[in-house]
Amino acid sequence: MPANFTLLWGLLAVLGSAFLGGFWAGKIKQPLMFGYLLSGLLFSYLLENFGLKRETLGILAEMGLALLMFSLGLEFSFQRLEKLKKIALGGGSLQIILTIGISALLFKNVFGFDFPVSLVMGSAFSLSSTAIVVKILQEKGQLESLSGEILESWLLFQDLAVLPLMSLLPLVLGQGSANYFSLLAAFLALGLAFGVGIKLIPYCLNYLMTFKNRELLLVFSVCIVFLFGLGTLNFGFSFALGAFLAGLILSQSQANHAIFSEIRPLRDVFLAIFFVSLGLSLEPGFLFSHVGQIIGVTAIVILLKTLVVGSILVFFHYHLKTIFTVALGLSEVGEFAFALAAAAFSGRFLNQSYYSLIISVTLLTMVLTPLLFSLAEKLYFLSQKILKKVPSWQRRFLAQYDQLSPPDELPFLNHVVILGYGRVGKWVGSALGKAKIPYLVVEYNPQIVRQLE
């Protein structure tokens with residue numbers, strides 16, 4: 001069979017298994033991602049027989065993650081980040097440090113792992129999955145809730161912490177040295193590129209919108225994603241980080257919603273491939289021979305991360321429902337654990353057995369993530385009954401509002417919404433303005449939008 005047809009059959013097998021897994025997950029009312037992961041686990045041997053190389057699948061999966069991060073950047077709000085910077089930066093950094101320190105001690109004393117192995121595992125397990133958590137929040141319609149915003153900002157901080165972790169691990173373990181000059185130069189170069197891009201690219205995009213051609217808009221946006229993705233990849237960062245920066249830049253244009261509507265179907269297809277590829281990463285032989293150890297480490301990781309994140313949120317005075325949702329939402333291990341484990345394996349800090357253990361624990365926590373999300377609400381209602389018996393705890397965790405409420409970007413009350421600002425819309429707006437009645441305009445024409453602004 002020609003190579004081109006082999007690739008097409010492989011893609012058909014991946015997407016077909018994703019459809020079956022997603023269909024089954026939908027029937028049992030679970031997130032589609034849950035079915036994608038399980039289909040990758042169940043069909044791993046079958047998919048390899050179709051001749052699809054893991055390297056090719058990895059590239060397609062990377063595209064899915066990059067498009068997800070790009071869509072997050074398009075919808076990202078700097079106002080929200082400003083309101084959540086204390087919990088995202090302070091809480092995120094504290095969580096990573098505590099998780100690494102405590103888990104390293106536990107793995108060394110409970111399982112008898114060497115200190116370098118325990119430290120690498122703690123570093124890998126301190127990170128959570130942006131792709132999985134955001135996908136679940138989108139399916140539940142909770143991305144713009146307070147807990148969703150905390151999760152999104154916290155996960156973004158974890159993604160940014162990957163490179164410092166990978167740079168500092170060799171230095172802490174006494175092998176090699178961290179090239180701080182190269183790291184600083186990389187950050188400065190990215191900052192300069194972002195600063196120039198945020199001034200120039202939205203201007204070009206707004207000009208492009210005057211052609212009223214969505215195909216050109218989509219092609220231009222994908223080119224920007226590749227440009228920044230390859231740029232960050234060249235400096236040692238992930239391709240997905242560059243895609244997120246591209247989304248942040250394009251979010252400053254008036255076409256961000258139009259771009260998101262065009263890119264979303266493409267993103268969902270590649271994301272399905274990404275989740276199936278995660279399931280394919282597991283080695284069934286290692287899983288069956290080390291099942292007890294995998295379950296033990298997984299239980300410690302989930303419990304530890306839940307307690308650490310929950311304690312930090314208690315310190316920041318959040319409501320109990322927010323605490324449960326965020327703590328259990330961050331309890332899984334993320335896809336960047338693969339990158340840390342691979343770097344440690346190539347640096348000979350890990351042998352094949354420990355590397356497979358990290359991969360197995362990471363995938364198992366990912367599969368459990370939808371169940372943990374559903375458990376959050378049940379634990380909240382159960383805790384309500386218990387806390388009612390202690391009035392001081394009830395006031396602290398239930399009666400008290402969250403320290404930070406969701407931002408209200410449209411603080412209008414009793415206002416009028418004008419759909420379209422053409423000849424009639426302008427007349428209505430003029431009459432409302434004279435009557436001093438607040439109104440909001442929904443309009444797709446970029447020229448009219450600029451005039452209104």
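**Group meeting: a walk through the predicted model**

Okay, let's start at Val449, which sits in helix 22, residues 446-452. Helices here are DSSP runs of H or I with at least four residues, strands are E runs of at least two, and both are numbered from the N terminus. Before I go on: this is a predicted model, where local features need pLDDT of at least 70, side-chain atom pairs count only at pLDDT 80 or more, and totals for chains, interfaces and linings use all residues. Residues are numbered from 1 along each chain as its sequence is written, and side-chain values use heavy atoms, with hydrogens and water left out.

Back to Val449. What is Val449 in contact with, leaving aside its neighbours within four places in sequence? Gln254 and Glu443, where contact means heavy atoms within 4.5 Å. Gln254 is 195 residues apart from Val449 along the chain, yet their C-alpha atoms are separated by 8.0 Å. As for the whole protein, take the contacts with a separation of 6 or more: 77% of them are between residues 24 or more positions apart.

Zooming out, we have 22 helices and two strands. Of the 453 residues, 48% count as buried; that's under 20% relative accessible area, with exposed over 50% and partly exposed in between, using a 1.4 Å probe and protein chains only. The protein exposes about 22,600 Å², and carbon and sulfur atoms supply 67% of that. Those areas come from the Shrake-Rupley method with a 1.4 Å probe, and for residues only the protein chains shown count as cover.

Now the inside. A nonpolar core is a set of buried Ala, Val, Leu, Ile, Met, Phe, Trp, Tyr and Cys residues joined through side-chain atoms within 4.5 Å. The largest one has 80 residues, and those with the most contacts inside it are Phe70, Ile87, Trp154, Phe275 and Tyr318. Helix 14, residues 256-280, gives the largest share of this core, twelve residues. Not counting residues up to four places away in sequence, Trp154 touches a list of residues including Ile87, Gly91, Val309 and Leu330. There's also a second, separate core of 30 residues, with Ile96, Ile100, Phe125 and Leu165 among them.

On to the rings. Rings of Phe, Tyr and Trp (its six-membered ring) pair if their centres lie within 6.5 Å; planes under 30 degrees apart are stacked, over 60 edge-to-face, and the rest tilted. That rule gives eight aromatic pairs. One is Phe107 with Phe111: tilted, 6.3 Å centre to centre, 50° between the planes. Why is Phe111 with Phe113 called stacked? Because the ring centres are 5.5 Å apart and the planes are at 15°. Phe107 is buried because its relative accessibility is 0%, and Phe113 is buried too, at 5%. Phe111 is partly exposed at 26%. Phe107, Phe111, Phe113, Phe125 and Tyr354 form one aromatic cluster.

Last stop, two loop residues. Most residues other than glycine have a negative phi. His317, in the loop between helix 16 (291-315) and helix 17 (320-329), has a positive phi near 65°. Lys436, in the loop between helix 21 (423-434) and strand 2 (439-442), has a positive phi near 60°. Buried or exposed, where does Lys436 fall? Exposed, because its relative accessibility is 76%. His317 counts as partly exposed, at 40%.
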